[in-house]
Amino acid sequence: MSLEQFQDRNVAEQNYFHVDIPDYPTTGWGKVKRAASRTFKGELFVGLWVVFREMIKFDIHTVQYPKEKLPVGPRYRAVHEMQRLFESGTERCIGCGLCEKICISNCIRMETKLDENSRKLVTDYTINLGRCIFCGYCAEVCPELAIVHGPRYENVSDQRAHFTDFSDMLTPIDAAISGTQKEFDGFGAVTPHEDERVKTTPLAY
Amino acid sequence: MENNITITIDGKEIQTREGEFILNAARANNIFIPAICYLTRCSPTLACRICLVEADGKQVYACNAKAKDGMNITTTTENIETEKRAIMEVYDVNHPLECGVCDQSGECELQNYTLEVGVDSQSYSVPDTHKEAVDWGLIHYDPALCIVCERCTTVCKDMIGDAAIKTVPRGGDALNTDYKAQMPKDAYAMWNKLNKSLIGTADRSDMLDCTDCGECTAVCPVGALVSSDFQYASNAWEQKQVPATCAHCSAGCQISYDVKHTDIENSDEKIYRVKNEWNYVSLCGAGRYGYDFQNADAVKDETAFNAAIAAFKKADTIAFTSSITNEEAFILRRLKEERGYKLINNEAKVFKTFLDDYSKISGQQLYGADLKMVHASDFVVSIGSALKTDNPNARFAFNNSITMNKGAGLYFHPIKDPVIDGLSKNVMSINHAPLQEETALYLMLDLFADKENLPKDITKYLDSFHSKKMITIEETIKEEIIEKVMVKQLNKETGEEEEVEVEKKKMVPKKVSKEVEVDDNALLAQLGAPADFDEKLQKFLKKKEKFSLMVGPDLYTHPNSRNLARLVALVEKYTQFELVMIPALANTLGVSLICDLDEEVGEYTIGYNTKADFTLSALGDGDLDMPALNQQEGTLTSINKRVNPTNVALSYGGYVLNDIANALGLDAKYTIDYTKELGVVKGFSRESFDDLPNHYTNSGEEVRGYLLKRIGIRRSSNESVNELEDIAIQSDIVYLANPVLQFTAFTNASHQLHGEGGLYGSEAFMSKHALNAGDKVNVKTAQGEVRAVMIHDNKIDGEIAYLPTFDVNLNSEALFSGYRFSSASYTKV
Ligand code: SF4
Ligand code: SF4
Ligand code: SF4
Ligand code: SF4
Ligand code: SF4
Ligand code: FES
């Protein structure tokens with residue numbers, strides 16, 4: 001086993017490195033040069049020309065958001081939803097921790113414990129959407145289709161981390177019981193014809 | 001052990017030892033052979049049969065087939081692959097599909113091998129049975145997950161010695177008989193056995209009654225045996241392993257603290273469990289469950305720190321315990337050099353004195369052997385140690401050598417120990433009276449010393465214990481008797497058949513008693529050895545080659561310890577026994593080598609982990625906080641004379657001893673800067689901390705820290721020893737020892753082991769004094785008196801009770817004048 005990580009005692013500087021940024025201009029002339037070079041780059045006029053061209057064509061496709069909204073596809077990956085089982089309404093998440101493991105931004109954390117019925121109980125679950133890159137891995141890996149991506153892309157807050165109250169993500173219980181919870185078709189959902197590909201296991205009874 | 005033969009595995013030539021199992025040879029050379037049931041250091045059980053290989057054209061089990069010179073081994077043939085596939089399919093029959101929540105998931109050998117072999121469909125089936133999970137206190141057993149590999153029962157018997165669990169009937173339907181013909185042979189045989197058994201307690205009671213080492217949970221390849229506390233607490237893969245050294249006893253086991261953030265809100269690391277390399281090191285329950293003894297929430301309290309500096313300036317004495325690292329001990333040594341403090345640590349002091357006296361005769365600074373040698377020996381003697389609680393690993397070594405090497409052992413201790421007695425029928429306990437440890441050592445000389453070379457005085461003295469006596473023995477002899485029998489004979493004259501009487505000689509066995517003259521050894525009588533001692537010993541000693549002797553703290557604290565040390569040295573010198581001394585606490589050996597300890601306490605004392613005028617405490621109950629051993633990096637010196645590194649598992653926010661030392665004029669950035677400096681101490685090396693490794697290799701080689709150098713000491717030609725004095729402890733006796741799972745206040749600080757100490761006594765003790773568990777008892781000795789709760793301990797027997805040291809509220813040490821036994825009176829209140 002490598003002991004390297006235990007030999008770095010400089011806790012404050014761990015995991016940080018410097019990125020290459022040109023030094024800020026310090027003289028007045030330097031500042032003027034920077035402003036001029038940023039302002040008169042050719043790209044500006046390319047952009048202006050495109051807008052002007054489309055304007056004079058009078059062929060406008062603009063969606064009148066928020067009065068109009070484009071439909072989102074099933075594979076769209078916005079803020080997560082936590083699903084429930086139909087009928088019983090039990091939360092689908094079994095606390096396997098695969099989403100926590102696979103998450104590449106390391107933004108899922110969960111707490112589990114043994115409950116009175118000797119089952120694994122998820123006592124707390126969070127996604128730090130301030131870090132989430134909406135890659136969809138968590139939804140794909142989830143063996144229970146418990147964590148999925150929803151279509152909710154409208155979030156207003158000064159912190160993405162505010163969108164993640166667990167109770168907001170969780171399907172309301174009446175929606176699960178009444179069967180109105182939408183089954184997820186996106187990333188990680190069961191593919192069609194899955195049944196045909198499963199080999200049966202012999203049973204002795 | 002030398003590699004002396006060459007074998008070929010899959011075309012690769014490797015060196016190994018004659019008689020080594022093929023599996024171990026392969027592992028040592030990084031060749032993978034699947035194996036589930038085999039445990040290194042334990043006997044092969046052939047439960048899983050997946051380790052099939054072909055050796056010189058014959059299919060054998062790699063875990064129990066021995067390597068021979070020139071052997072040619074193939075790890076895979078078509079038949080072996082078919083067997084493996086069938087074996088893994090069988091293991092998966094009815095195995096619950098609960099990997100998603102199983103605690104073993106991610107480190108499960110059933111998962112691993114199922115994927116390795118590529119089981120993607122099932123061909124076999126048998127009706128499942130309903131199996132309730134059971135709660136065995138610290139351990140949880142879910143039979144539904146059990147694959148009956150028997151690793152748990154094997155380790156419990158061959159290594160630990162409790163033999164507290166065994167295979168029990170499973171119930172349920174038998175296998176479909178057609179399978180016998182259809183299935184690969186080994187897979188069927190394996191399944192047939194599996195389908196008949198499960199694991200249960202050895203006495204078939206509902207509750208597991210054992211010394212709770214938890215080793216069975218460590219070796220269990222699946223989630224069947226798990227720690228109750230860890231159940232569903234965290235997934236294995238979320239844990240970060242911090243390689244460390246157990247801080248509780250002198251065995252210095254290698255462990256890894258498994259840490260992860262405390263919870264969603266709190267990112268501070270928390271220890272969730274302790275793991276070990278169970279193939280090469282076995283933990284006791286204190287090491288496994290007593291991990292969270294950290295000094296939590298300590299902060300840099302400047303006022304307290306300044307008070308500490310003022311106290312150090314005022315003090316002339318530092319008292320401390322041996323639960324500190326070598327580096328801290330070295331800081332204390334440096335402080336003594338700089339500022340002239342007296343260093344007080346009685347427990348290490350007596351050990352040091354013992355070592356010094358021993359060195360005078362042996363000419364060595366340290367005892368010659370280690371526990372590894374005990375594992376390898378076949379005749380082991382233990383004197384002066386409550387083995388199973390003083391150093392659990394010494395007990396494992398005692399048991400392992402006896403079970404694995406067809407060995408035998410003698411256990412000299414005043415307290416009768418049913419666990420030791422239960423290890424094997426080849427263990428004989430001699431429960432002598434306290435203070436008779438000296439007699440036991442004389443007996444060792446008498447029985448085993450090379451009398452030719454032993455100093456004449458001693459031989460003569462030993463002879464004085466022998467006399468002749470007449471005893472009556474019953475003997476079976478063959479006696480010739482003459483029998484009259486009727487036989488049919490043909491009368492030649494008459495031609496008729498008639499019966500005649502003839503005499504026949506016949507030998508018949510007959511019991512006679514006769515008087516014989518035998519040797520009478522008064523030492524045996526003095527020790528209260530069993531009547532059949534001689535006879536049994538003769539049997540025990542047959543075909544024995546490697547002898548080891550373990551001596552323990554009862555000797556170091558004995559009033560005649562100086563003489564005992566000399567006797568121990570003589571035993572090592574004049575007998576074939578290799579010697580191991582059991583240091584009492586985690587770093588007693590290190591402290592006694594590093595610090596020059598004093599006896600007299602001065603005016604004003606600083607206590608480190610012990611109460612004094614100004615107290616530094618890693619338990620958080622002193623005037624200034626110190627880090628506990630799981631919050632520190634540093635080294636600890638083990639019974640195996642090894643300097644083992646340990647790393648920081650949990651963060652610590654307060655001041656450390658090094659800060660104080662720096663304020664007092666020493667200069668080191670980190671405590672571990674002193675690791676290198678240890679080189680000035682006899683035996684230690686000048687290695688820096690970051691260069692110290694801490695792991696085992698695939699061949700089981702211990703690559704941890706470094707070994708203390710062997711240092712010769714000038715030997716004195718005087719080998720005289722004092723004769724036995726007639727000393728005894730009158731009246732009732734109390735002993736100073738800890739119950740199973742406890743060592744110090746630190747083990748008691750952990751949440752799983754926390755408890756209240758009391759007076760521990762056997763059934764016999766309680767009935768003698770008319771006490772019941774839960775009664776309050778006043779224990780009074782010449783030194784003082786404590787009030788304790790009576791606690792029934794079924795792991796001891798006889799009429800001696802003991803008081804523990806792990807519960808600081810009891811202050812039991814105050815009742816003893818040094819020696820671990822004391823006369824005492826008990827009154828119920
Ligand atoms: S979408 Fe990707 S980044 Fe976001 S929580 Fe899931 S796995 Fe993590
Ligand atoms: S992967 Fe799915 S079931 Fe597993 S913990 Fe995450 S949400 Fe729960
Ligand atoms: S409990 Fe675990 S170690 Fe014991 S037999 Fe079952 S699977 Fe093997
Ligand atoms: S905890 Fe230790 S002693 Fe108890 S059954 Fe398991 S291996 Fe045996
Ligand atoms: S207390 Fe001793 S025997 Fe137990 S795990 Fe720790 S070092 Fe090993
Ligand atoms: S490891 Fe050889 S039979 Fe199980």
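In chain B of this predicted model, E89(B) and R85(B) stand four residues apart in helix α2 (residues 78-92), so about one helical turn separates them. Over all chains, the structure holds 43 salt bridges.

Chain A carries a patch of positive charge on its surface, where K31(A), R34(A), R38(A) and K41(A) gather. Of these residues, K41(A) is placed in the loop between α2 (28-39) and α3 (43-57) of chain A.

Around ligand 2 are C93(A), I94(A), G95(A), C96(A), G97(A), C99(A), M110(A), C142(A), P143(A), E144(A) and I147(A). Ligand 3 has 14 residues around it, and the closest are C146(B), C149(B), E150(B), C152(B) and C220(B). The shell of ligand 5 consists of C246(B), H248(B), C249(B), A251(B), G252(B), C253(B), L283(B), C284(B), G287(B), P392(B), N393(B) and F743(B).

The table gives the make-up of each shell by residue class.

| Ligand | Nonpolar | Polar | Charged |
|---|---|---|---|
| Ligand 2 | eight residues | two residues | one residue |
| Ligand 5 | eight residues | four residues | no residues |

Around ligand 5, the class without a member is the charged one. The shell around ligand 2 has one charged residue, and E144(A) is among the residues that surround this ligand.

Notes. Residues are numbered from 1 along each chain as its sequence is written. Chains are lettered from A and ligands numbered from 1 in the order in which they are written. This is a predicted model: local features need pLDDT of at least 70, side-chain atom pairs count only at pLDDT 80 or more; totals for chains, interfaces and linings use all residues. Side-chain values use heavy atoms; hydrogens and water are left out. A residue is near a molecule or strand if one of its heavy atoms lies within 4 Å of it. Patches are made of residues with over 30% relative accessible area and no salt bridge: like charges are joined within 9 Å, nonpolar side chains (Val, Leu, Ile, Met, Phe, Trp, Tyr) within 5 Å. Accessible areas come from the Shrake-Rupley method with a 1.4 Å probe; for residues, only the protein chains shown count as cover. A salt bridge is a side-chain nitrogen of Lys or Arg within 4 Å of a carboxyl oxygen of Asp or Glu. Lys and Arg count as positive and Asp and Glu as negative; His and the chain ends are not counted. The place of a charge is taken as NZ of Lys, CZ of Arg, CG of Asp or CD of Glu. Helices (H or I, at least four residues) and strands (E, at least two) are DSSP runs, numbered from the N terminus. Ala, Val, Leu, Ile, Met, Phe, Trp, Tyr, Cys and Pro count as nonpolar, Asp, Glu, Lys and Arg as charged, and the others, Gly among them, as polar.
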